[in-house]
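Hi there,

Here is the structure I promised to send over. Have a look at it first, and then read on for what I found in it.

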Amino acid sequence: MSHILIIEDDTDINNSTAAYLRRQGCICTQAFSGTEGRLLWKQGIFDLLLVDLMLPGLSGNTLIVEVRKTSQVPIIVLSARTELSDKVELLSSGADDYLTKPYQLEELWARIQVQLRRARAGSPGERLQFRDWVLDLSGMTLTAAGQPVNLTAHEFKIVELLAGSPRRVFTRQQIYEAVWQEAYAVEDKTITVHISNIRSKLRPSGTDGYIQTVWGIGFKLTE
C-alpha cells in the first residue's frame with residue numbers, strides 16, 4: 001500500500017485527487033500549503049509526492065529542492081504552467097515527472113504507478129552506498145566492508161531506508177510503516193528486535209556501529 005503526500009492548495013483538486021487515489025488502494029496525506037507540506041514531509045515516510053508549484057507559504061520549486069537534499073522519493077509536479085522552459089527547469093531541479101492541469105485522474109494514476117515501480121524495483125544493477133556498505137537495490141543484497149550480509153527482506157528494507165537518508169532520524173513508527181506498509185502498534189518491539197538482528201549480522205564486518213540509537217526518538221546512521 002503506497003503512501004502519497006499531496007501538496008495542493010486548491011481544495012477541490014486536492015480532495016478529488018486524494019479520493020481517487022484512495023480508491024486505488026493508496027494512503028493519502030493532504031497538505032494545502034507549501035509550509036504544511038514541508039512539515040508533513042519531515043514527520044512522515046512517503047512513497048511519492050504530488051506537488052503543485054504555486055503554493056502559499058513555500059513554493060513548490062523550493063520544496064522540491066529541500067526534499068532532494070535528503071531524499072530521492074519520486075516527485076510528480078502538478079501545475080497549470082505549460083511552457084517547456086518551466087518543465088525543463090523543474091525536471092532539472094529534481095522532479096521526476098510533470099503533469100499539466102487540468103489532468104485526468106487516470107493519467108495521473110498511470111504516471112504514479114510508473115514512478116512507484118521504478119522506485120521499488122530500481123534499475124538493473126542500481127546501487128546505494130554508505131561508507132563501507134553497498135546495497136544492490138534490485139537484488140536486495142548488502143555487502144559490508146567487502147563481506148556479504150544475509151538479511152531478510154524486512155531487514156534489507158530497514159537498512160535501505162536508513163542508508164537512503166543517512167542524516168535523518170527515523171522513529172520506530174516511521175520505520176515500521178515504511179517497511180511493513182501498515183499502521184504501527186503502540187509499544188510494538190518489532191523494530192528494536194530487527195535492528196538488534198541487523199547489528200548482529202553486521203558485527204563480523206565491523207560496521208554494526210553504523211546504526212546509531214537516538215534515545216527517546218529512534219535510529220539514524222553515523223557519518
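**The sheet and the cores**

Four strands form an open sheet in the order 6-7-8-9, and their pairing is antiparallel. Please keep in mind that this is a predicted model. Strand 6 (127-130) and strand 9 (147-149) are the edge strands; each has a single partner, so one side of each has no neighbour in the sheet. From one strand to the next, the twist averages 25 degrees.

Within the sheet, strand 7 (residues 133-136) and strand 8 (residues 141-144) run antiparallel and are joined by four bridges. You can find Trp133 opposite Ala144 in strand 8. Helix 6 (residues 153-164) packs on the sheet, where it touches strand 6, strand 7 and strand 8. The direction of helix 6 makes about 115 degrees with that of strand 7.

The largest nonpolar core has 30 residues, and Trp133, Leu135, Leu142, Ile158, Ile175, Leu202 and Ile211 have the most contacts inside it. Two or more residues each come from strand 7, strand 8, helix 6, helix 7 (172-180), helix 8 (190-202) and strand 12 (218-221). Helix 6 gives the largest share of this core, with six residues.

Best wishes

Conventions: Residues numbered from 1 in each chain as written. Predicted model: local features only at pLDDT ≥ 70, side-chain atom pairs only at ≥ 80, totals over all residues. Heavy atoms only, no water. Pairing = 2+ DSSP bridges. Axes fitted to C-alpha atoms, helices over the stretch in contact; angles between N-to-C directions. Contact = heavy atoms within 4.5 Å. Core = buried A, V, L, I, M, F, W, Y, C linked by side-chain atoms within 4.5 Å. Buried < 20%, exposed > 50% of the residue type's maximum accessible area, 1.4 Å probe, protein only.
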